[in-house]
Amino acid sequence: MSAICTPERAYPPALVCTTYFDTPGLSLLGEKIDSDYLKMKVRLRWYASLEGNPAGSAVFAEVKYRIGGRRDKQRVRLDTDAAMLSVTPLHAAVWRALLARLRAHAPSVPARL
C-alpha cells in the first residue's frame, strides 16, 4: 500500500474503537443480515494510538442511515473522556446518557438500545 498511497498527515495511524448499539430484539442487526432497503447503525466511536492509548481522543456518537443505495450519517462530538469509556462496563448508565445526547440530534434513534 505504501507504494501507491501516501499517509494522511492530518490523521496519523490509529486504532478505531467502536461500540455498536442495538435493540433488545437485535432489530438493527436484523436489518443488516436481511439486507433491508432501510437500515440504521448506531455507534460510539473514538480513536486510540496504535498502542491502544485513547487519552485525549474525541468521542463521537453516530447514526448511519441507508435507504437503498443512499447513505447519510449524523455525527455528534461528545464531551466525554475516551480513556474512561474504554474501561467502562457496557451496562453502566453513562452509555445511555451518551445515547440520549445523540437522540437530541437524531430523534429517529430507537429509545431502547
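Strand β2 contributes the most to the lining of the second largest pocket, with four residues. The model is predicted. In this model, the second largest pocket holds about 180 Å³ of space. Its lining is made up of Y20, F21, D22, L28, L29, K32, K39, M40, K41 and V42. Three elements, β1 (15-21), α1 (27-33) and β2 (38-48), each provide at least two of the lining residues. By class, the lining of the second largest pocket has six nonpolar residues and four charged ones, with no polar residue.

The largest pocket has a volume of about 230 Å³. A10, Y11, P12, P13, A14, Y47 and S49 form its lining. Here the division is six nonpolar, one polar and no charged.

R43 is buried, because its relative accessible area is 5%, and buried means under 20%. One is with the side chain of Y20, at 3.1 Å. Another is with the side chain of E62, at 2.4 Å. Y20 also belongs to the lining of the second largest pocket. Residues up to four places away in sequence aside, R43 touches T18, T19, Y20, F21, F60, A61, E62, K64 and K73. F21, one of these contacts, is likewise a lining residue of the second largest pocket.

The loop between β1 and α1 holds L26. L26 is not a glycine, yet its phi is positive, at about 60°. Most residues other than glycine have a negative phi.

S86 sits in another loop, between α2 (82-85) and α3 (93-103). With a relative accessible area of 40%, S86 is partly exposed. The side chain of S86 reaches the backbone oxygen of A83 at 2.7 Å. Beyond its neighbours within four places in sequence, S86 is in contact with W46 and P54. S86 and A48 are 38 residues apart in sequence, and their C-alpha atoms are 9.9 Å apart in space.

As a whole, the protein has three helices and four strands. From the N terminus on, the order of elements is β-α-β-β-β-α-α. The C-alpha trace spans about 40 × 35 × 25 Å along its principal axes. The protein has 113 residues, of which 33% count as buried. R43 is an example of a buried residue. Among contacts in the protein with a separation of 6 or more, 48% join residues 24 or more positions apart. The protein exposes about 7700 Å², and carbon and sulfur atoms supply 57% of that area.

Definitions and conventions
Residues are numbered from 1 along each chain as its sequence is written. This is a predicted model: local features need pLDDT of at least 70, side-chain atom pairs count only at pLDDT 80 or more; totals for chains, interfaces and linings use all residues. Side-chain values use heavy atoms; hydrogens and water are left out. On a 1 Å grid over the protein atoms alone, a cavity is a set of points where a 1.4 Å probe fits but cannot get out, and a pocket is an open set with protein on both sides within 12 Å along at least five of seven lines; lining residues have an atom within 4 Å of a point. Grid points are joined across faces, edges and corners, and a volume is the space filled by probe spheres set on the points. Ala, Val, Leu, Ile, Met, Phe, Trp, Tyr, Cys and Pro count as nonpolar, Asp, Glu, Lys and Arg as charged, and the others, Gly among them, as polar. Buried means under 20% relative accessible area, exposed over 50%, partly exposed in between (1.4 Å probe, protein chains only). A polar contact is a pair of N or O atoms within 3.5 Å; within protein, one must be able to donate a hydrogen and the other to accept it, and residues adjacent in sequence count only if both atoms are side-chain atoms. Contact means heavy atoms within 4.5 Å. Accessible areas come from the Shrake-Rupley method with a 1.4 Å probe; for residues, only the protein chains shown count as cover.
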